[in-house]
Amino acid sequence: MRGVIASLAVIGVVALTGCGPAPWTVDDPEATPSASATVAPPVPNDLSSGSTQRELVAGAVTAKVDYWSTLSMDQWTAGAVKPISISLVTNVTPDDGQKVYLQKATLTAIAGEGETTLAALEPQTDAATVAPGYLVLAPYSYSQTFNVGPLDDKATSVTVQVTFDFLVQTTPTSKEYAKQTATDTLTVAIAQPASED
């Protein structure tokens with residue numbers, strides 16, 4: 001009887017080994033599809049909450065900048081006119097009483113599709129109409145709204161590059177100025193049309 005049981009055990013082992021590897025050890029990538037292969041990574045969005053704040057340092061100047069949009073993010077489509085509002089105020093270190101002026105602010109919008117850069121829109125510049133510029137030393141601030149125009153229909157995001165050119169008095173009574181430039185970049189997701197599937 002023991003011989004019969006032993007023979008059956010051997011047959012069972014042969015039967016298991018003769019069927020190839022167990023299904024849970026299969027290394028065939030086609031047999032274990034990955035969900036990530038078909039799901040695109042989310043597009044970063046610096047305005048996902050509707051606004052964001054940055055602190056930029058340019059030499060002796062520290063600028064606190066607020067960005068926001070009055071257009072909800074689901075309306076940021078490629079064809080829409082997309083407003084971005086900017087408000088900034090500066091401090092200077094060391095603060096010896098000299099003033100800080102904003103000479104100009106420039107915004108450039110560049111469309112993107114995934115990792116691919118598409119066409120850039122024409123830069124928009126708000127140049128000061130008074131000399132030496134707009135006073136932006138706290139508590140005085142600067143505010144402006146720029147409009148990002150229609151983008152390539154394939155765009156999934158837009159990169160907004162902002163440049164601020166400041167003039168800083170060399171002394172509190174001087175008519176000589178030092179130029180400092182601060183730059184910043186925002187990425188905003190472009191809302192995609194609803195699928196018809």
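**A serine and its sheet**

Author: Ser85 touches Asp66, Tyr67, Trp68, Gln144 and Thr145, where contact means heavy atoms within 4.5 Å and residues up to four places away in sequence are not counted. This is a predicted model, in which local features need pLDDT of at least 70 and side-chain atom pairs count only at pLDDT 80 or more, while totals for chains, interfaces and linings use all residues. Residues are numbered from 1 along each chain as its sequence is written, and side-chain values use heavy atoms, with hydrogens and water left out.

At 7% relative accessibility, Ser85 counts as buried (under 20% relative accessible area; exposed is over 50%, partly exposed in between, with a 1.4 Å probe and protein chains only). The side chains of Ser85 and Thr145 are joined by a polar contact of 2.8 Å (a pair of N or O atoms within 3.5 Å, one able to donate a hydrogen and the other to accept it; residues adjacent in sequence count only if both atoms are side-chain atoms).

Ser85 lies in strand E3, residues 82-92 (strands are DSSP runs of E, at least two residues, numbered from the N terminus). E3 pairs with E2 in the antiparallel sense over eight bridges; two strands pair if DSSP finds at least two bridges between them. Across this pairing, Asp66 has Ser87 in E3 as its bridge partner. Tyr67 belongs to the covered face of E2, whereas Asp66 and Trp68 belong to the uncovered one.

How values were computed: Helix = DSSP H or I, 4+ residues; strand = E, 2+ residues; numbered from the N terminus.
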